[in-house]
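The sequence and the model are shown first, and the description follows.

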Amino acid sequence: MKLVVQVRLLPTPEQAAALEATLRAVNDAATWVAALAHHRRVFRNYDLRKHAYRQIKDNYGLAAQAAQHVIKKVTDAYATLHANLRNGNVGRPGSARRERALATPIVFRPGAAQPFDDRCLSWRMDARTVSIWTTRGRMKSVAFTASADQLTTLAAYRKGESDLVYRDGRWFLIATCDIPDRPVAAPDGFLGVDLGIANLATTSGGVRHSGKGLNAVRHRHRELRRRLQAKQTTSAKRLLKKRRRKEARFAANINHTIAKRIVTEATRTGQGVALEDLQGIRDRVRLRKPQRVTLHSWSFHQLGRFIAYKAARAGVAVVYVDPAYTSRGCSACGHVDKKNRPDRETFLCTSCGFAEHADVNAARNIAARGVTSWAASHAA
Ligand SMILES: [Zn+2]
């Protein structure tokens with residue numbers, strides 16, 4: 001399983017200046033190579049290297065590895081663009097957007113991500129520093145922050161290149177870790193997880209992870225967004241972007257915490273985890289109008305992803321189940337009725353009288369489907 005670990009760098013002012021000069025140089029070089037590729041219609045790595053390698057080394061002060069990464073970055077970007085053009089993601093043939101994409105070379109922002117391989121970047125986990133190639137020479141002992149968990153993962157499983165990124169005034173290294181899957185233990189039942197808005201996640205064990213904090217932040221940001229959007233100035237747009245990222249970071253932190261707690265609960269009880277299959281979530285939530293704006297369906301998908309990979313790391317079984325009627329069906333007798341839900345929070349079965357928090361009842365239905373689905377796929 002591939003896992004991305006992002007750590008924040010804490011460079012000294014001198015180191016930061018060197019990183020900034022480096023990122024600017026590689027991205028200026030990439031923009032130059034992209035223009036060359038565009039005008040000569042040369043998009044293959046091998047061919048482009050013949051045309052550009054020496055020039056970018058000499059003109060932008062790049063080391064051999066950096067020059068190669070720049071060329072690869074450009075060919076990758078064009079490969080993506082061409083695939084998008086082919087698949088019709090850049091507008092219909094003849095549309096202004098598509099014509100513009102065809103007519104203009106790709107441009108790289110000065111802070112765009114740049115890959116560094118092990119020859120250009122080495123990690124010292126014990127000291128929490130990296131040594132990194134820059135256009136101003138090798139910068140040693142650039143400090144970074146990472147959690148204990150991240151450090152262990154990096155030390156054991158980091159593989160290949162890491163991306164250097166400058167974002168919102170901060171420096172990051174994004175490392176890829178290749179984690180071997182633990183053998184999955186045969187589960188003793190399933191922990192069902194119901195995803196929602198008031199409660200971001202509720203387990204069949206009765207644990208509710210409230211969305212209060214996240215929803216409050218989202219609400220605040222929405223108000224601010226409305227005001228900023230009306231302004232239309234460059235600085236307003238920049239601030240808007242920053243806000244959006246901040247909100248995404250906040251949501252990701254919460255999702256990480258919830259995922260961790262859920263997997264811990266499953267590990268402790270020897271259960272597998274049953275998740276809703278989220279394919280249809282967009283259609284489903286469209287029905288709940290007042291809450292619609294609060295929802296970011298990507299956040300559900302992210303939480304689902306976090307749970308799945310933390311479970312895989314812990315050797316916990318994961319199954320995906322059809323979420324249809326999990327909120328209306330009685331987890332005690334199976335009776336399905338809209339009237340079983342007198343209000344958002346309450347489940348009260350009109351047939352057998354079973355009462356439970358609505359989200360817990362839904363989670364119990366998901367858990368039961370998890371058991372069935374596991375049995376079906378492991379019958380042999
Ligand atoms: Zn019932």
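Setting aside residues up to four places away in sequence, Leu 9 touches Leu 19, Val 130, Val 142, Ala 143, Phe 144, Leu 164, Trp 171, Phe 172 and Leu 173, where contact means heavy atoms within 4.5 Å. The structure is a predicted model, in which local features need pLDDT of at least 70, side-chain atom pairs count only at pLDDT 80 or more, and totals for chains, interfaces and linings use all residues. Residues are numbered from 1 along each chain as its sequence is written, and side-chain values use heavy atoms, with hydrogens and water left out.

Leu 9 belongs to strand 1; helices (H or I, at least four residues) and strands (E, at least two) are DSSP runs, numbered from the N terminus. Its C-alpha atom is separated by 40 Å from that of Gly 205, which is 196 residues away along the chain.

The table lists the relative accessible area of several residues; buried means under 20%, exposed over 50%, and partly exposed in between (1.4 Å probe, protein chains only).

| Residue | Relative accessible area | Class |
|---|---|---|
| Leu 9 | 2% | buried |
| Cys 330 | 3% | buried |
| Asn 199 | 9% | buried |
| Cys 333 | 40% | partly exposed |
| Ser 141 | 51% | exposed |

Strand pairing comes next. Two strands pair if DSSP finds at least two bridges between them. Strand 1 (residues 2–10) is joined to strand 7 (residues 170–178) in the antiparallel sense by eight bridges, and Arg 8 has Phe 172 of strand 7 as its bridge partner. Strand 7 also pairs in the antiparallel sense with strand 6 (residues 158–167), over seven bridges; here Tyr 166 is the bridge partner of Trp 171. Two residues separate strand 6 from strand 7 in a hairpin, and Asp 168 in the turn has a positive phi of about 50 degrees.

A nonpolar core is a set of buried Ala, Val, Leu, Ile, Met, Phe, Trp, Tyr and Cys residues joined through side-chain atoms within 4.5 Å. The largest one has 77 residues, of which Leu 9, Leu 62, Trp 123, Phe 144, Leu 164 and Ile 307 touch the most other members. Helix 1 (residues 13–40) supplies the largest share of this core, 12 residues. Another core, of seven residues, lies apart from it and includes Phe 190, Ala 317, Val 319 and Trp 374. In soluble globular proteins, nonpolar side chains tend to be buried together.

The model also contains a metal site. The zinc ion has Cys 330 (SG), Cys 333 (SG), Cys 349 (SG) and Cys 352 (SG) as its protein donors, lying 2.3 Å from it. Donors are N, O and S atoms within 2.8 Å of the metal (3.2 Å for Na, K and Ca), and sites may look incomplete because water is not among the atoms. Along the chain, the donors follow the spacing C-x2-C-x15-C-x2-C. The arrangement is tetrahedral because the four donor atoms subtend angles of 107 to 112 degrees, four donors counting as tetrahedral if all angles lie between 85 and 135 degrees.

Asn 199 is part of strand 9 (residues 199–203). Its side chain makes a polar contact (2.9 Å) with the side chain of Asp 359. Such a contact is a pair of N or O atoms within 3.5 Å; within protein, one must be able to donate a hydrogen and the other to accept it, and residues adjacent in sequence count only if both atoms are side-chain atoms.

Conventions. Tetrahedral: all angles 85-135°; square planar, octahedral: opposite > 155°, others 65-115°.
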